[in-house]
Amino acid sequence: MTNQTDYNRIKQSATVGKTVGNVVIYALLTIWGVMVLFPFYWMILSSVKSYSSYNSEYIPMFFAQSPTMDNYVSAFTAVPLGRYFANTLIFTITTTAVMLVVTIFAAFAFAKLNFRGKNIAFILCLALMMIPNELVIVTNYVTITKLDMRNTFLGLILPSVTSVFYIYLLKENLAQIPDELYYAAKVDATSDLKYLFKVMIPICKPTIITIVILKVIECWNSFVWPRLITDDANYFLISNGIQEIRENGFGRENIPAMMAVVVVISIPLIILFLIFRNKVMEGVSRGGTKG
Amino acid sequence: MDKRNNKGWLYLLPAVLFLGFFMVYPLVDVFIYSFEEGYNSASQTYFGVGSYNYSYVLHDPYFLQAVKNTFILVIITVPVSTGAALLISAGLNSIKALKKLYQTVYFLPYVTNTLAVGLVFMILFKKTAYTDGLINLFINWFGGGSVDFIDGPYWAKMFVLCFYTIWIVMPFKVLILTSALASVNPQYYNAAKVDGTSKIRTFTRITLPMISPMIFYLIITGFIGAFKAYSDAVALFGTDLNAAEMNTIVGYIYDMLYGNSGGYPSYASAAAIILLILVLTVTCINSLISKKHIYY
Amino acid sequence: MKVVLQHLSKVFPSRNKKANADVVAVSDFNFEIPDGELVGLLGPSGCGKSTALNLICGLQTPTEGRIFFGDDDVTDLPPENRGVGFVFQNYALYPHLTVRQNILFPLQNLKGSDKLSKPDMLAKAREVAELVQIDELMDRKPSELSGGQQQRVAIARALVKMPRILLLDEPLSNLDARLRLQTREELRRIQRQTQITTVFVTHDQEEAMSISDIIVVMRNGVVEQIGKPQDVYDNPVNLFVAKFLGSPPVNIFTGRVTDGTLFIGDDAVLKINGVPNQDIYVGIRPEGFILDRDGPLRCNLNRVEVMGRDVSVISTHDASDNSTIRSIIDAESAADLELSNVRFAIKPNKALLFGKETEARIFFNV
């Protein structure tokens with residue numbers, strides 16, 4: 001029975017170890033959580049401070065003494081934020097819509113139709129997935145310039161449409177649909193197009209939603225291509241807009257107003273993410289790297 | 001059969017057009033550009049073919065600065081972010097309460113605009129006439145002197161750039177590793193527990209090998225991503241990265257194309273191809289190493 | 001090592017928060033496993049047998065009750081301090097380690113005075129590998145092994161640290177039928193050779209009966225009966241145990257006892273004493289029928305299946321609970337079966353009586 005005390009000690013140390021471990025884990029997770037959230041807190045906080053009170057705080061304060069919404073007003077009046085927003089919206093919606101049509105047709109052809117050269121075409125497509133954007137952007141820039149499409153939506157949108165990865169993602173999903181369904185539709189004299197829209201798209205809706213969300217995030221945040229192709233502020237997207245504001249807007253000093261702009265820019269995607277949380281995370285983990 | 005033949009290509013046509021015009025053609029073209037010497041974008045003429053563009057780029061101090069910056073960024077951010085993500089994912093996987101909340105919070109940087117949030121980081125780190133900035137406040141609390149992280153010494157700027165890059169890439173890594181960890185069959189952990197395996201040994205001998213394919217995937221994508229860093233630097237230091245000594249290879253390419261120093265697509269092409277070679281080399285080395293260490 | 005389970009209960013909180021009905025996986029389990037025996041925990045899926053095994057192992061802690069290994073109370077001990085070996089249903093072999101590394105893994109965990117030198121470890125690993133006859137396969141990865149070989153490796157890994165108790169969760173369920181027969185003999189041999197107290201879980205009654213020293217029949221978390229396989233088969237304590245054991249299964253009839261006579265339907269099949277008048281279930285094992293032209297149980301002959309030495313006579317009866325009655329008769333006495341009617345006499349010791357409401361066994365004297 002001398003063993004018994006020994007066992008008690010083991011049991012106790014196991015319990016203590018577990019509690020300590022949990023505390024450490026939660027502390028670690030919370031620290032990172034704070035590091036993630038803090039910039040968001042700081043931008044909101046700074047955006048409700050008035051210009052004068054912000055500048056008078058040599059030592060920054062963690063709360064606003066007299067919160068004001070003035071900065072949000074000036075964000076839409078002093079700089080053309082509304083226009084940047086509208087541009088981004090037009091760019092995002094058009095690009096995503098065209099991308100979706102192109103992707104669905106291509107994925108359908110790859111997944112369900114038989115034609116000569118299909119395999120080679122698909123392998124070429126996969127190979128294109130490896131090509132870094134930076135490599136093709138040089139020529140695209142020259143092309144768009146030659147076509148005199150700088151500072152046009154067409155110039156912004158056209159090279160941003162195709163994403164080989166999304167074709168691949170949707171093709172994989174479409175390929176999982178049993179061929180019997182296709183033959184059944186053929187027997188019922190359904191046209192390919194009708195079959196695609198009435199049967200396949202509804203079945204693949206989750207993947208399509210995922211693709212749309214990923215593309216919207218990509219478009220909303222795109223910066224490099226718009227920066228190259230637009231120098232007329234009338235065609236700036238928000239990323240370029242924020243850069244323009246930072247360098248030339250608000251007399252370059254009005255940090256609270258800039259923060260208000262940052263908040264306004266950040267909110268739509270964060271809301272979209274919170275609504276479609278699972279879809280976004282699933283889509284991203286299936287292979288979407290940023291950019 | 002013949003009819004089907006045409007039909008398939010018909011569906012593929014839009015994709016072929018877009019890809020052909022904006023990916024395949026540019027891909028070929030960029031090589032051609034890179035060997036055309038003295039290309040003039042206004043007249044679209046050149047007066048020779050050779051490797052002068054490459055030699056120019058490789059001797060350009062701005063490019064060398066960009067290469068140095070990019071390499072430092074890669075070497076610091078990839079291991080640190082992967083290691084930190086592993087730590088956080090392991091923690092995340094061992095808790096039940098609040099797990100979803102933490103996961104949601106951790107993912108937020110992914111859906112934010114790099115340029116916009118970069119501005120927040122800038123004001124947190126920047127030292128101005130009005131304020132030393134919040135980070136310097138913390139440093140002062142611990143008895144350190146204020147540093148200007150945005151316009152100050154090289155290492156301070158590099159620190160902010162690395163820090164911001166890590167902040168931006170963490171969500172993806174945490175997401176991937178969390179699901180990789182969750183997919184390890186719990187029976188292995190039970191087996192290890194019955195055998196009296198310590199927590200650390202279980203982690204290093206069972207968990208790590210099991211998720212090693214995912215870790216290597218993250219390292220490779222991390223390398224590629226870091227080699228292509230650009231927006232993060234712009235977000236922190238503005239568009240004139242050469243002046244800030246914070247340019248990256250991709251930044252150099254864009255500067256050669258456009259802006260004050262722009263108008264040289266040939267140099268840009270050469271730089272882009274050098275970047276491609278760098279990325280390919282590193283990826284190959286990585287795959288070779290991973291072949292040796294992945295257990296499946 | 002003797003294992004004692006006292007009033008062991010395990011309750012899982014309900015996952016459905018609205019219904020608030022907790023799931024009782026194991027309820028008041030009392031059992032003393034004698035040293036060196038092979039015990040089969042038997043029951044339909046979801047009966048709590050795996051939970052019971054996990055409780056003994058320490059992977060789960062009981063809600064109530066105590067567990068003793070010998071004289072040591074191990075109830076609150078984590079598994080690693082209990083000295084148990086566990087073979088998982090899917091074997092849980094580490095896919096990235098070779099067979100040798102898998103077997104060495106538990107030994108490498110030992111600390112302090114238990115720590116072994118490298119040659120000692122290798123020697124031990126070789127010893128168990130020889131015991132389970134996988135010493136040829138030491139440098140392979142688990143993915144390069146067949147199911148049966150993986151099973152042996154899993155057993156070797158569980159045995160290598162000389163556990164006080166060996167636990168196996170559905171050890172044969174992942175093997176094909178032929179391999180299953182072979183492996184269960186193997187299991188028996190290994191257990192005999194090592195003399196380690198062994199508990200295994202199965203839903204296959206034939207498997208449990210064929211190799212266990214003792215079987216424990218469970219249902220809905222409750223132990224229905226514990227005993228030697230033959231005893232439990234011959235004397236089930238209730239209708240559930242009677243139905244669960246035996247292949248082909250026991251035939252169940254609805255019947256009644258009236259004034260010392262057992263009726264099945266209208267047929268007075270046996271004279272019995274000591275049972276008050278009541279409605280009952282009658283269970284008759286397939287081997288409990290005697291073919292008899294004047295027998296009291298009148299059935300309609302369906303067909304005869306020849307099985308070699310024996311034949312299986314399939315017939316129907318109005319009072320039968322099953323759609324058909326299966327009886328096993330030796331081939332000679334069934335040679336002249338042609339009639340559409342067939343009559344049986346009943347062996348009194350193969351007839352089992354159960355209360356209509358309680359489904360508990362009713363004993364009688366002939």
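The structure before you is a predicted model, and I shall take its chains in turn before turning to a few individual residues.

I begin with chain B. Its secondary structure comes to twelve helices and zero strands. Of the 296 residues in chain B, 46% are buried. As for contacts in chain B with a separation of 6 or more, 67% are between residues 24 or more positions apart.

Chain C has another make-up: eight helices and 21 strands. Its C-alpha atoms fill a box of roughly 75 × 50 × 40 Å along the principal axes. Chain C has 366 residues, and 41% of them count as buried. Among its contacts between residues at least 6 apart in sequence, 66% join residues at least 24 apart.

Next, the contact between chains A and B. Chain A contributes 73 residues to this contact and chain B contributes 74. Which element supplies the largest share of the side of chain A? That is helix α1 of chain A, residues 2–47, with 13 residues. Sorted by class, the side of chain A that touches chain B holds 51 nonpolar, 13 polar and nine charged residues.

I turn now to the nonpolar core. The largest one has 268 residues, and the members that touch the most others are A:Val261, A:Val262, B:Ile253 and B:Ala271. Helix α7 of chain B, residues 154–182, gives the largest share of this core, namely 16 residues. Let us look at B:Ala271 in particular. Leaving aside neighbours within four places in sequence, B:Ala271 is in contact with B:Val57, B:Phe63, B:Ile249, B:Tyr252, B:Ile253 and B:Met256.

Let us move to helix packing in chain A, where helix α11, residues 205–221, will be our reference. Two packed helices are described by the angle between their axes and the distance between the axes. Helix α4 of chain A, residues 81–112, packs with α11(A) at an angle of about 140 degrees, the axes being 9 Å apart. That angle makes α4(A) oblique to α11(A). The crossing of α4(A) past α11(A) is right-handed. On the α4(A) side, the residues that meet α11(A) include A:Phe91, A:Met99 and A:Leu100; on the α11(A) side, A:Ile211, A:Val216 and A:Trp220 are among them. By class, the residues of this contact are eight nonpolar, five polar and one charged.

In α8(A), A:Tyr166, A:Leu169, A:Leu170 and A:Asn173 meet A:Thr207, A:Ile211 and A:Lys215 of α11(A). The classes here are four nonpolar, two polar and one charged.

I close with some single residues. Most residues other than glycine have a negative phi, and most peptide bonds are trans. Where does a cis peptide bond occur? One joins C:Ser247 and C:Pro248, with omega about 0 degrees. C:Pro248 has its place in the loop between α8 (239–244) and β11 (251–258) of chain C.

B:Glu245 is not a glycine, yet it has a positive phi of about 60 degrees. B:Glu245 lies in the loop between α10 (231–237) and α11 (249–257) of chain B. It counts as partly exposed because it has 16 C-beta neighbours inside 10 Å. C:Glu359 likewise has a positive phi of about 60 degrees without being a glycine. The loop in question lies between β20 (351–355) and β21 (361–362) of chain C.

Finally, is C:Val311 buried or exposed? C:Val311, in strand β17 (residues 310–316) of chain C, is buried, because 21 other C-beta atoms lie within 10 Å. Its C-alpha atom is separated by 28 Å from that of C:Lys228, 83 residues away along the chain.

Terms used:
Residues are numbered from 1 along each chain as its sequence is written. Chains are lettered from A and ligands numbered from 1 in the order in which they are written. This is a predicted model: local features need pLDDT of at least 70, side-chain atom pairs count only at pLDDT 80 or more; totals for chains, interfaces and linings use all residues. Axes are lines fitted to C-alpha atoms, for helices over the stretch in contact, and angles run from 0 to 180 degrees between N-to-C directions. Helices (H or I, at least four residues) and strands (E, at least two) are DSSP runs, numbered from the N terminus. Angles under 35 degrees count as roughly parallel, over 145 as roughly antiparallel, 65 to 115 as roughly perpendicular and the rest as oblique. A crossing is left-handed if the near helix is turned anticlockwise from the far one by less than a right angle, and right-handed if clockwise. Two residues are in contact if their C-beta atoms, placed from the backbone, lie within 7 Å. Ala, Val, Leu, Ile, Met, Phe, Trp, Tyr, Cys and Pro count as nonpolar, Asp, Glu, Lys and Arg as charged, and the others, Gly among them, as polar. A nonpolar core is a set of buried Ala, Val, Leu, Ile, Met, Phe, Trp, Tyr and Cys residues joined through C-beta atoms within 7 Å. A residue is buried if 20 or more other C-beta atoms lie within 10 Å of its own, exposed if 12 or fewer, and partly exposed in between; C-beta atoms are placed from the backbone.
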